[in-house]
Amino acid sequence: MNAGQESKICVFVDADACPVKAEIYKVAERHSVSVVLVANSYMAVPRDADVKLIVVGKRFDEADDWIAERAGASSVVITADIPLASRCVASGAQVISSTGRVFTENSIGNVLATRNLMQDLREAGTITTGPKPFSPKDRSAFLSALDIALVRLKRAGFTA
């Protein structure tokens, strides 16, 4: 049975470049929910029964595929990867970027189109700016968005 079919809340983290892992651990502990970090290589994680590290192979998008196959209505997915966010939103998961941006069915189409346009411009040699540096405001927005998502899932009847 995949996590999307269970009633237990789980936070899936696209962990390789996630700057808010410490914040995820704190919020998840406060809500008594499990965290599954998915990465292409080993990383240190807290020694906690509710925190699990899954190391997948090096194949392109292997971590994304692992998360997308398991995310569902009882899941929160933390990722900056727009195609992964789109797949997880389609499966009913709550999806949040590390800057606190919440991806929804109503917003993901425009976000995906913008991402694809920017990729095309970069490939054509057009100079574009990169993402803004991660800020304390981003961290605060993320903490709020994750807390709201977990409260929403609990109110919907999913269990911690």
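This is a predicted model: local features need pLDDT of at least 70, side-chain atom pairs count only at pLDDT 80 or more; totals for chains, interfaces and linings use all residues.

Visitor: Which residues of α5 are buried?

Guide: The buried residues of α5 are Asp 138, Phe 142, Ala 145, Leu 146, Ala 149, Leu 150 and Leu 153. They lie on the same side of α5, because the arc they cover around the axis is only 130°. The general idea is that an α-helix has 3.6 residues a turn, so residues three or four places apart point the same way. On the other side of α5, by contrast, Pro 136, Lys 137 and Arg 155 are exposed.

Visitor: What covers the buried residues of α5?

Guide: The cover includes the helix α1 and the strands β1, β4, β5 and β6. Just after α5 comes Gly 157, which takes a positive phi of about 105°.

Visitor: How many helices and strands are there in the protein chain, and in what pattern do they follow along the sequence?

Guide: The protein chain has five helices and six strands, and read along the sequence they give the pattern β-α-β-β-α-β-α-β-β-α-α. Of the 160 residues in the protein chain, 41% are buried. If you take the contacts between residues at least 6 apart in sequence, 53% of them join residues at least 24 apart.

Visitor: How should I read a nonpolar core, and which residues have the most contacts inside the largest one?

Guide: One looks for buried nonpolar residues whose side chains are joined to one another. The largest such core here has 26 residues, and those with the most contacts inside it are Val 11, Val 13, Ile 24, Val 76, Ile 78 and Leu 146. At least two residues of this core come from each of β1, α1, β2, β3, β4 and α5, and the largest share, six residues, is supplied by α5. Apart from this core lies another, of 20 residues, among them Cys 10, Phe 12, Val 56 and Val 89.

Visitor: Which residues does Ile 78 touch, if its neighbours up to four places away in sequence are not counted?

Guide: Ile 78 touches Val 11, Phe 12, Val 13, Asp 14, Cys 18, Ile 24, Ile 96, Phe 142 and Leu 146.

Visitor: How does one read a pair of aromatic rings, and how many such pairs are there?

Guide: One asks how far apart the ring centres are and at what angle the planes meet, and planes over 60 degrees apart count as edge-to-face. There is one aromatic pair in this model. The ring centres of Phe 12 and Trp 66 are 6.1 Å apart and their planes stand at 65°, so this pair is edge-to-face. Phe 12 belongs to strand β1 and Trp 66 to helix α2, so that the pair links parts of the chain 54 residues apart. Both Phe 12 and Trp 66 are buried. The ring of Trp 66 also has the charged end of Arg 70 sitting over it, 3.8 Å from the ring centre.

Visitor: What do the buried residues of α2 pack against?

Guide: In α2 the buried residues are Ala 63, Asp 64, Asp 65, Trp 66, Ile 67 and Ala 68, and the buried residues of this helix pack against β1, β2, β3, β4 and α3.

Visitor: Is Ala 39 buried or exposed?

Guide: Ala 39, which is found in strand β2, has 0% relative accessibility and therefore counts as buried. Leaving aside neighbours within four places in sequence, Ala 39 is in contact with Ala 15, Asp 16, Leu 53, Ile 54, Val 55 and Val 56.

Visitor: Where do Ser 32 and Asp 61 lie, and what is the phi of each?

Guide: Ser 32 lies in the loop between α1 and β2, and its phi is near 55°, a positive value in a residue other than glycine. Asp 61 lies in the loop between β3 and α2, with a positive phi near 65°. Ser 32 counts as partly exposed because its relative accessibility is 43%, and Asp 61 is partly exposed as well, with a relative accessible area of 30%.

Technical notes. Residues are numbered from 1 along each chain as its sequence is written. Side-chain values use heavy atoms; hydrogens and water are left out. Rings of Phe, Tyr and Trp (its six-membered ring) pair if their centres lie within 6.5 Å; planes under 30 degrees apart count as stacked, over 60 as edge-to-face and the rest as tilted. Helices (H or I, at least four residues) and strands (E, at least two) are DSSP runs, numbered from the N terminus. Buried means under 20% relative accessible area, exposed over 50%, partly exposed in between (1.4 Å probe, protein chains only). A charge sits over a ring if NZ of Lys or CZ of Arg is within 6 Å of the ring centre and within 35 degrees of the ring normal. A nonpolar core is a set of buried Ala, Val, Leu, Ile, Met, Phe, Trp, Tyr and Cys residues joined through side-chain atoms within 4.5 Å. Contact means heavy atoms within 4.5 Å. The arc is that of the directions from the helix axis to the C-beta atoms.
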